[in-house]
Amino acid sequence: MLEAAIHMSYARYSHSTVRCDYLANNPRFLTCRHKQNNMQQATKKRQGRLLVVANRLPVTISQDKNGQFDFKMASGGLVSALQSLSKTMEFQWFGWPGTEIHKNDQATIKDQLATRFHAVPIFLSQQTMNSYYSGFSNSVLWPLLHNMAFRAQFDGSWTEAYREVNEIFAEHILPLSEDGDLIWIHDYHLLLLPGILRDRLKAKKGVRIGFFLHTPFPTEDTFSVLPFREAICHGLLSSDLVGLHVREYVETFLDAAEKVLPDVRRSPSDLHYQERKLIVKEFPVGIDPDAFKTSLSSEETKREMMSLEQAFRGCKILLGVDRLDYIKGIPQKLRAFDRFLHDHPEWIGKLVLVQVAIPTRSDVSDYRAIRSEVEELVGSINGKHGTLNWTPIRYLYTSLKPEQLHALYALSDVCIVSSVRDGLNLVSFEYVACQTARKGVLVLSQYTGAAKLFSSAVLFNPWDLPRFSDAILTALEMPLKDRQQKHDSAIKAVETWTSMRWGMSFLDTLQSSSLED
């Protein structure tokens, strides 16, 4: 049962591998087949190796009581997107293994990762990780990239650790790189890396460097707050291709780069820097919708759905699934729900908000503070509006098993995404993918990248509580005909902007950029 999930150990939710056969044979996907075939043809023509560089390796490493190491390939958007390339293109992963490894075990770990996963571990001390990851990456860069300069904290040692780790990554990549390689670097943890590699790869021929930023890009005035912003700009502009989720972020990046570095010339969709051309383009990351359809037909998910139907019989379900991050707007969502119950007491006893808060970055002070704020609000609202037979908010501070999460998606009448700033937000994609039967309504913050793709969603400003409350009422009272129309439009976007398309489109653009030099 869902209530039992509170006691579960934390399990990361992930996507499974794309199934191309389903897309090719299901009539609902006939409109996508031409694009699918084009992608497959492009993949066949792709040559050379791909070096994928990210803060974390896609491998989970654990150690049993006897000291033996266990390795398990993780799944996720990036992994799923690249699975389809594995038969036509050799690729290698570079990243931190997720934990500090004793020097006596490093050789064993390195050999196992190389043999079984084509992965190269970047070993870092816990102290370095604290300064580089929890410090500079998540206490400086993360708030600034989300236009929240007031949350940024600064420490000189963090800056040095960030530089050091980017240098360490480069030192591992350089000796393993070859002529013609594609190097794909991911996210804000490694903003300096393209510049370091470009300066040291001059002897290698035909190497292409791509960078994808999985966050928004801040406005120029916020970007100007960044420490060593010139070095960061130089790093990014040393790429051949920079990808962001939506056009808005592309424009803000182009504006910021042009203003920060004096020798940058801007064209409509690219930049010219140090006698080189840099393509800047939007690539929405998407999900694998077929994986969700497969899950919904599984016996375990069906059992979870039956359990939830009993637990919430007679009530409509509002759903929130968010990392417990201050960008996700969970306090705004709770206050809007409080306002809704105050303004519409006829819904008392007939409606439940299920809020799943996924633990994250608990070692950062702002994240501990947001958890306290959220839990105080939940207690206050339940105390104010609850009855002996009804609790308005079911709050879960945990991760759910995929089957539980997919069952919740499928049975919820409304999903509320209330982010005050969000790069894209894949929860909105996941909810739509699971709503083939109920035709639930997506209530989506206008400050998410996904709002640019889901024009049919009920859009709102999470800071405007009266209208936020009105958006909840609109979603709950929406006739089936309107829900069906909105769902048809949303599912088309989900099935168009998939993780497979994201990965292939980025790499095709990166490889073809060599023809434009």
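Analyst: A residue is called buried when its relative accessible area is under 20%, exposed when that value is over 50%, and partly exposed in between, using a 1.4 Å probe and protein chains only. At 2% relative accessibility, Ala-119 therefore counts as buried.

The model is predicted: local features need pLDDT of at least 70, side-chain atom pairs count only at pLDDT 80 or more, and totals for chains, interfaces and linings use all residues. Residues are numbered from 1 along each chain as its sequence is written, and side-chain values use heavy atoms, with hydrogens and water left out.

Ala-119 belongs to strand β5, residues 119–121; strands (E, at least two residues) and helices (H or I, at least four) are DSSP runs numbered from the N terminus. Leaving aside neighbours within four places in sequence, Ala-119 is in contact (heavy atoms within 4.5 Å) with Leu-57, Trp-93, Leu-113 and Ala-114. Its C-alpha atom is separated by 9.6 Å from that of Pro-97, which is 22 residues apart from Ala-119 along the chain.

As background for the whole chain, 57% of the 517 residues count as buried. The secondary structure comes to 19 helices and 17 strands. Among contacts between residues at least 6 apart in sequence, 79% join residues at least 24 apart. A nonpolar core is a set of buried Ala, Val, Leu, Ile, Met, Phe, Trp, Tyr and Cys residues joined through side-chain atoms within 4.5 Å. The largest such core has 169 residues, of which Leu-197, Leu-237, Phe-253 and Phe-454 touch the most other members. Not counting residues up to four places away in sequence, Leu-237 touches Phe-253, Ala-257, Leu-261, Val-264, Leu-271, Tyr-273, Arg-276 and Leu-278.

Axes here are lines fitted to C-alpha atoms, for helices over the stretch in contact, and angles run from 0 to 180 degrees between N-to-C directions. Angles under 35 degrees count as roughly parallel, over 145 as roughly antiparallel, 65 to 115 as roughly perpendicular, and the rest as oblique. Helix α13 (residues 330–343) packs with helix α17 (residues 465–476) at about 70°, their axes 8 Å apart. The pair is therefore roughly perpendicular. On the α13 side, the contact is made by Gln-332, Lys-333, Arg-335, Ala-336, Phe-337, Arg-339, Phe-340 and Asp-343, and on the α17 side by Leu-465, Pro-466, Phe-468, Ser-469, Ile-472, Leu-473 and Leu-476. Sorted by class, these residues are nine nonpolar, two polar and four charged, where Ala, Val, Leu, Ile, Met, Phe, Trp, Tyr, Cys and Pro count as nonpolar, Asp, Glu, Lys and Arg as charged, and the others, Gly among them, as polar.

Elsewhere in the chain, the axes of α6 and α7 come within 9 Å and cross at roughly 40°. That angle makes α6 oblique to α7. From α6, Asn-166, Glu-167, Phe-169, Ala-170 and Ile-173 meet Leu-193, Ile-196, Leu-197 and Arg-200 of α7. This contact comprises six nonpolar, one polar and two charged residues.

Helix α15 (residues 402–411) is mostly covered, with nine of its 10 residues buried. The buried residues of α15, including Leu-405, His-406 and Tyr-409, pack against α11 (289–296), α12 (299–311), β12 (316–323), β13 (351–358) and α16 (427–433).

Two loop residues deserve a note on backbone geometry. Most residues other than glycine have a negative phi. Asn-147, in the loop between α5 (126–145) and α6 (156–173), has a positive phi of about 60°. Asn-147 is partly exposed, at 27% relative accessibility. Asp-187, in the loop between β6 (182–186) and α7 (193–200), has a positive phi of about 80°. Asp-187 is buried, with a relative accessible area of 12%.
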